[in-house]
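Hello,

Here is the structure I promised to pass on. My notes follow below it.

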Amino acid sequence: MSTEPQKHAHGEAGRPLHDDISFEPRDVRTSAILKFLIYLGITIIPSYGFTLVVYRSLTHYWQDTYTTPPPSRGNAAATMPPEPRLQGMPGHLIDPQRDWREKVKADTEANDQLLWIDKNSGIAQIPVSEAMKLISEKGLPAVPVAPAEKKK
């Protein structure tokens, strides 16, 4: 926009005459915008056509090269993924909540069990709460430190 005032005759092109205000003859060139939109349309239409041709040719190629499965697989459910299936999938009959409860119960029972691991060596499994009490009373057993290797 020009900062120099342009002197027009009073009422020329419907513009008022002011000394401190200037007007441009045209603010926006619409021809450049229209050319851009035309070129954009000319580019989009062939690219859409090219994409459609590629899609149809690949579909035709797949239909020509597809081999039907043998009859022995005719009874298999085509939508079922192979094992192991995620819980909640169709065909997976175990309830995830029940499975979680059973796992927590089994872990709790294993943590509260008293049994011998190796009776000859004196290694036994005790409940976790008892093991924590023993460690807090006696502390952890001392482990001998391996001698450091000398650098040559």
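What is the mean pLDDT of the chain, and what share of its residues reach 70 or more? The mean is 79, and 70% of the residues reach 70 or more. pLDDT is the predictor's confidence in each residue, from 0 to 100. Where it is low, the predicted coordinates should not be read in detail.

This is a predicted model, so local features need pLDDT of at least 70 and side-chain atom pairs count only at pLDDT 80 or more, while totals for chains, interfaces and linings use all residues. Residues are numbered from 1 along each chain as its sequence is written, and side-chain values use heavy atoms, with hydrogens and water left out.

Fold. The chain has 3 helices and 2 strands, in the order α-α-β-β-α. These are DSSP runs numbered from the N terminus: helices are H or I, at least four residues, and strands are E, at least two. Confidence is highest in α1, at 93, and lowest in strand β2 (residues 123–125), at a mean of 87.

Packing. Of the 152 residues, 1% count as buried (under 20% relative accessible area; exposed is over 50%, partly exposed in between; 1.4 Å probe, protein chains only). Among contacts (heavy atoms within 4.5 Å) with a separation of 6 or more, 0% come from residues 24 or more positions apart.

Helix α1. Ile44 sits in this helix, which spans residues 30–65. Ile44 counts as partly exposed because its relative accessibility is 48%.

Best wishes
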